[in-house]
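Q: I'd like a close look at just one part of this model. Here it is.

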Amino acid sequence: MVFLGWKLWTAPVQVEGDLAANTVGASHRGMFWHAFAVTALNPKSILFFVAFVPQFIDKQSAYGPQVAILVATFVVLAVFNSLAYALVGARARTMLRRPSVLKAVNRTGGGILMGAGVAAALTRAS
């Protein structure tokens, strides 16, 4: 970890051209369906629903409507959460193009990795 931290600390800062250049040829619809498939097939999400949602199901009431409401609520909240991340990311995109900010990010991440590596080396298993 210390080595990786040092590599990140000393990495040269390169400002790329257009960040969207990596998605040339990809349609918005194609990207949406790819993200949808990855999210829908994520085992963590499936485990969450299997472990968490049944706690809120009333056994005396109809099962289907309850699950539909809980799942719909979760999906709506997840959409708003993703939208918030996208908006913050779009704003951060312009800031992260500045070499001074990229250098600070590299130094911060490198310092954290080096500190974690040193802490791991000094920690003894009890």
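What is the relative accessible area of phenylalanine 52, and does that make it buried, partly exposed or exposed?

A: Quick ground rules: this is a predicted model, where local features need pLDDT of at least 70 and side-chain atom pairs count only at pLDDT 80 or more, while totals for chains, interfaces and linings use all residues. Residues are numbered from 1 along each chain as its sequence is written, and side-chain values use heavy atoms, leaving out hydrogens and water.

Now to your residue: phenylalanine 52 has a relative accessible area of 38%, so it's partly exposed (buried is under 20%, exposed is over 50%, and partly exposed is in between, with a 1.4 Å probe and protein chains only). To see its surroundings, look at the rings. Phe, Tyr and Trp rings (for Trp, the six-membered one) pair if their centres lie within 6.5 Å; planes under 30 degrees apart are stacked, over 60 edge-to-face, and the rest tilted. That rule gives six aromatic pairs. One of them joins phenylalanine 32 and tryptophan 33 edge-to-face, at 5.1 Å centre to centre with 80° between the planes. Another is yours: phenylalanine 52 is stacked with phenylalanine 48, at 4.9 Å centre to centre and 25° between the planes. These two sit about one helical turn apart, because they are four residues apart in helix α3 (residues 43–52); helices here are DSSP runs of H or I, at least four residues, numbered from the N terminus. Phenylalanine 48 is partly exposed too, at 30% relative accessibility. Ring pairs also tie Phe48 and Phe52 into a cluster with Phe56 and Phe74.
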